[in-house]
Amino acid sequence: MIVAFYDTKPYDREFFGQTPGEDRVAWRFHDFRLNATTAATSKGAEAVCVFVNDCLDRACLEMLARGGTRLVALRCAGFNNVDIKAARELGLSVVRVPAYSPHAVAEHAVGLLLTLNRKIHRAHNRVREHNFSLGGLVGFDLHGKTVGILGTGKIGRIAAQIFRGFDSRVLASDPFPSRDWAVKHGIEYTDAQSVLRSCDILSLHIPLSPDTHHVLNERSFAEMKRGAYVINTSRGKLIDTTALIAVLKSGHLGGVALDVYEEEEGIFFEDHSGHLLQDDELSRLLTFPNVLITAHQAFLTREALAEIARVTVGNMLALEKGTPFLEGTELGI
Ligand code: NAI
């Protein structure tokens, strides 16, 4: 079976190459992304394997269907880049990997906070230049601080438990609270506004939707304590970047750690070091000493990549055999 693989990165080749059953698949790895312009390259492939920045709109899906493709396999959880309705009308199945490693994302969120708070990134650069001074490196204990968790799904629950391990007080908000879990781990549920007002550290673990777009904005930042830290490993558009820059300039926030950025598409996942950065808001964010940014890498652990490859290859083999796709992976049915 031929599978056209788009936006391929070296780690994709490595992990898909180690997955049992992958030798039954003839992979056509492409470094470029799939969209209506590049879709002709899928001709003859029974399936395409895509990531978050491939654009599978109706025009692209029509080309895939015309070229003989029957399956779109997303190697991620989010599917906002696929026109599911059009796919269904064209008879294309769409599968995704709903959960690969919530631990990977939660641990990265905490890692970002520790790095930013204890200024480990700055200390590392200093020491490499044989500057062993400690000026400007004062952080704070997480012990006894109040951590706010917005969203206690798979990732938020693990992040909350890790913070409890530091003996932080954890306040959480979720329209569907996990009450038994909260009692077991000493986590207190309250409303989102109380979380915002009370926390020293706020970590976002909610999906992006029309309801949560810019959930952190000028008004919500103003509600937060002076000196509070914000961590976002969820989706860039949860934060109004213009308001974030204003509140950083005013000195109201203590620090901000981001793995996602509102306008990351076309910037993150690629090496732009040889070009001038054209995004003025990202450029401004990078000038703040109390802002730490990683380029959407929270998922990037060996365990997560192995799971993404296992589920995706499993679905390819199901297509080949004509058996049902792995449970919970098919969209739009
Ligand atoms: P999940 O679906 O298990 O949990 C999301 C939780 O948020 C649910 O419990 C839901 O009830 C809650 N929620 C929804 N709207 C809310 C609101 N307005 N206030 C409070 N809670 C709300 O999702 P999961 O797997 O925990 O993922 C969370 C986020 O992490 C997603 O946005 C996902 O896109 C992002 N993510 C980021 C990755 C990265 O590499 N940076 C990798 C994987 C996921």
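Leaving aside its neighbours within four places in sequence, which residues is L142 in contact with?

Reply: A caution before the details: this is a predicted model.

Start with the location. L142 sits in a loop. That loop links helix 5 (120-128) to strand 6 (146-150).

Now the contacts. Neighbours within four places in sequence are left aside. L142 and F163 are 21 residues apart along the chain. Their C-alpha atoms are separated by 7.9 Å.

Is L142 buried or exposed? L142 has a relative accessible area of 6%. Buried means under 20%, so L142 counts as buried.

Next, the setting. Buried residues make up 50% of the 333 residues in the protein chain. Consider contacts between residues at least 6 apart in sequence. Of these, 65% join residues at least 24 apart.

The overall dimensions follow. A compact globule of 333 residues would have a radius of gyration near 20 Å. The protein chain has 22 Å, which agrees. Its C-alpha atoms fill a box of roughly 60 × 50 × 35 Å along the principal axes.

The secondary structure comes to twelve helices and 13 strands. Six strands form an open sheet with mixed pairing, in the order 2-1-3-4-5-13. Strand 2 (26-29) and strand 13 (330-331) are its edges, each pairing on one side only.

Strand 3 (residues 47-50) shows how this sheet is put together. Strand 3 runs parallel to strand 4 (residues 71-74), and four bridges join them. Here C49 has A73 as its bridge partner, and V50 stands opposite L74. Strand 3 also pairs in the parallel sense with strand 1 (residues 2-5), over three bridges. In that pairing, V3 stands opposite A47.

The side chains of strand 3 deserve a word. In a regular strand, side chains alternate between the two faces of the sheet. A47 and C49 point one way from strand 3, while V48 and V50 point the other way. All of them are buried.

Note on methods
Residues numbered from 1 in each chain as written. Predicted model: local features only at pLDDT ≥ 70, side-chain atom pairs only at ≥ 80, totals over all residues. Heavy atoms only, no water. Helix = DSSP H or I, 4+ residues; strand = E, 2+ residues; numbered from the N terminus. Rg over C-alpha atoms; globule rule 2.2 N^0.38 Å. Buried < 20%, exposed > 50% of the residue type's maximum accessible area, 1.4 Å probe, protein only. Contact = heavy atoms within 4.5 Å. Pairing = 2+ DSSP bridges.
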